[in-house]
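Hi,

Here is the model I promised to pass on.

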Amino acid sequence: MLRNDRLGALLLGVFIFLGLSSLGYLLGTSAIRVKQYERSVTVKGLSEREYPADVVIWPIQFTAAGNDLQALYAVTEDNTARVRTFLVEHGVAEGEITASAPAVTDKSAQQYGNNARPEFRYTAQQTVTVYSENIDAVRSIMGALSELGKQGIAFTGGDYQSQTDYLFTRLNAVKPEMIEEATDNARQVAQKFAADSHSTLGKIKSASQGQFSIEPRDKNNPHIKKVRVVSTVEYYLSD
């Protein structure tokens, strides 16, 4: 009886050992498969296109000076009306033109010590802004504005506030195609990597879309915009 019990215990131990060994083998094989399946490659895909701007913001600044404040305001209003008329006659719609209140400076209030008295006590700066989608027409008018300068309107420029701004507002319309193009480019790079490494390209593990950037194509053509996006995609690899 005792001998049978020992034999039973021995058999039970053998079965437990075999079971644990099989379980360890299965777990080890599964871990290897998981590790192989988690091999991946991360690539970037670029989409870059050029589009014409669709909105122009053109601030037109001019100044006037004098010693009679009331007369200075009258000159400024007259010049504003002349600029507005000029723009309309050259194809700019009335609704695309706005004029700010003139900024008047009293130079006598800025004199300190024995500084010489300025020739004109008051100066006024006025800004007429064109906001238009008719970019070609507006650009053609820019070169003709000198006609008013010859008539006595003193235009200013060169500072940040007087710079013309061109906008591209159709980004949402071009986003899907550009994202698709960037993703396709990323896949081509990944396929080349897989072929070079004697691997097979699998499904996408993760993907992220970079920020879209919109910049002038170059400093001489700010009305032509370069739109750019980079997508980052991680693919699974297998042997």
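**What I found**

Among contacts in the chain between residues at least 6 apart in sequence, 79% join residues at least 24 apart; contact here means heavy atoms within 4.5 Å. Bear in mind that this is a predicted model, where local features need pLDDT of at least 70, side-chain atom pairs count only at pLDDT 80 or more, and totals for chains, interfaces and linings use all residues. Residues are numbered from 1 along each chain as its sequence is written, and side-chain values use heavy atoms, with hydrogens and water left out.

The secondary structure comes to 5 helices and 10 strands, taken as DSSP runs numbered from the N terminus (helices are H or I with at least four residues, strands E with at least two). Of the 239 residues, 27% count as buried. Buried means under 20% relative accessible area, exposed over 50% and partly exposed in between, with a 1.4 Å probe and protein chains only. The chain exposes about 15,600 Å², and carbon and sulfur atoms supply 53% of that (Shrake-Rupley method, 1.4 Å probe; for residues, only the protein chains shown count as cover).

**Helix 5**

Helix 5 has 26 residues, which at 1.5 Å a residue should span 38 Å, and its end C-alpha atoms are 37 Å apart, so the two agree. The expected span is 1.5 Å times one less than the number of residues. Even so, helix 5 bends by about 25° at glutamate 177, the bend being the angle between axes fitted to the seven residues ending there and the seven starting there.

Its buried residues are Leu171, Val174, Met178, Ala182, Ala186, Ala190 and Ala194. An α-helix has 3.6 residues a turn, so residues three or four places apart point the same way. What covers the buried residues of helix 5 includes strand 1, strand 8 (200-209), strand 9 (213-216) and strand 10. After the helix comes histidine 198, with a positive phi near 55°.

Serine 231 lies in strand 10 (residues 224-238) and is buried at 4% relative accessible area. Leaving aside neighbours within four places in sequence, serine 231 is in contact with several residues, among them Val43, Ile179, Ala182 and Ser208.

**Aromatic pairs**

How many aromatic pairs does the structure hold? There are 2, where rings of Phe, Tyr and Trp (its six-membered ring) pair if their centres lie within 6.5 Å; planes under 30 degrees apart count as stacked, over 60 as edge-to-face and the rest as tilted.

Tyrosine 51 and phenylalanine 168 are stacked, because their ring centres are 5.2 Å apart and their planes at 20°. Tyrosine 51 is in strand 1 (residues 40-52) and phenylalanine 168 in the loop between strand 7 (165-167) and helix 5 (171-196), so the pair ties together parts that are 117 residues apart in sequence. Both partners are buried: tyrosine 51 at 14% relative accessibility and phenylalanine 168 at 9%.

Phenylalanine 62 and phenylalanine 155 make an edge-to-face pair, 6.2 Å centre to centre with 80° between the planes. Phenylalanine 62 is buried at 2%, whereas phenylalanine 155 is partly exposed at 27%.

Cheers
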